[in-house]
Amino acid sequence: MIRFNVDPASPIPIYQQVKQTILIEILSGRLKEGDRLPPIRVLAKILKINPNTVAKVYYNLDDEGYIKGKVGSGYTVRSHKSKLDNLKASIIEDEFKRFLETALSFGYTKEDIESLMRRYLNNE
């Protein structure tokens, strides 16, 4: 079962939290090709959210090719290695950009950041 951590108090919309959780489960390999997702109403009940929110997430992920819906069978995971690799790279780049913005806003220099990266890459 997918491990959801939906926070109604978060500034991130519930829809986005649910979508991100499913994508992370697919990217991590915990959800594999052919695995079934919970039915829309079941997931909505578990998360205590509107079924339309879950439906919107599923329809969007279906349109993007990460899951596939079939009448009477529900939604299953689709695995497209190149699509998943592109998504991983995009997520890493976004996180790295946020890190750089934070470090620079704290007054770190390019040299400070490079030193920090070398230290972590060399397990120091």
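This is a predicted model: local features need pLDDT of at least 70, side-chain atom pairs count only at pLDDT 80 or more; totals for chains, interfaces and linings use all residues.
View 1. Arg98 is partly exposed, at 45% relative accessible area. Glu95 is also partly exposed, at 43%. Among the elements of the protein chain, α4 has the lowest mean pLDDT, 86, while α3 has the highest, 96. The chain as a whole averages a pLDDT of 90.

**View 2. Glu64 and Lys19 link helices α3 and α1.** Their side chains form a salt bridge, 2.8 Å from N to O. Lys19 is buried, at 10% relative accessibility. Glu64 is partly exposed, with a relative accessible area of 26%. The structure holds 3 salt bridges.

**View 3. Arg30 pairs with Glu25 in a salt bridge.** The closest N and O atoms lie 3.2 Å apart. Arg30 belongs to the loop between α1 and α2. At 42% relative accessibility, Arg30 is partly exposed. Glu25 has 5% relative accessibility and is therefore buried. Arg30 also touches Arg3, Ile24 and Asp35. Arg3 is 27 residues away from Arg30 in sequence, yet the C-alpha atoms are 9.8 Å apart.

**View 4. The largest nonpolar core holds 24 residues.** Ile22, Ile26, Leu37 and Tyr58 have the most contacts inside this core. Two or more residues come from each of α1, α2 (40-47), α3 (51-64), β2 (74-77) and α4 (81-105). Helix α1 gives the most, with 6 residues. Leaving aside residues up to four places away in sequence, Ile26 touches Leu31, Tyr66, Ile67, Val77 and Leu84.

**View 5. Gln17 is a buried residue of helix α1.** The helix covers residues 14-28. Gln17 has 8% relative accessibility, under the 20% limit, so it counts as buried. Beyond residues up to four places away in sequence, Gln17 touches Asn5, Val6, Asp7, Ser10 and Ile12.

**View 6. Helix α5 spans residues 110-121.** At 1.5 Å a residue, its 12 residues should span 16 Å. The end C-alpha atoms are 16 Å apart, which agrees. Asn123 follows α5 and has a positive phi, near 55 degrees.

Terms used: Residues are numbered from 1 along each chain as its sequence is written. Side-chain values use heavy atoms; hydrogens and water are left out. Helices (H or I, at least four residues) and strands (E, at least two) are DSSP runs, numbered from the N terminus. The expected span of a helix is 1.5 Å times one less than its number of residues. Buried means under 20% relative accessible area, exposed over 50%, partly exposed in between (1.4 Å probe, protein chains only). Contact means heavy atoms within 4.5 Å. A nonpolar core is a set of buried Ala, Val, Leu, Ile, Met, Phe, Trp, Tyr and Cys residues joined through side-chain atoms within 4.5 Å. pLDDT is the predictor's confidence in each residue, from 0 to 100. A salt bridge is a side-chain nitrogen of Lys or Arg within 4 Å of a carboxyl oxygen of Asp or Glu.
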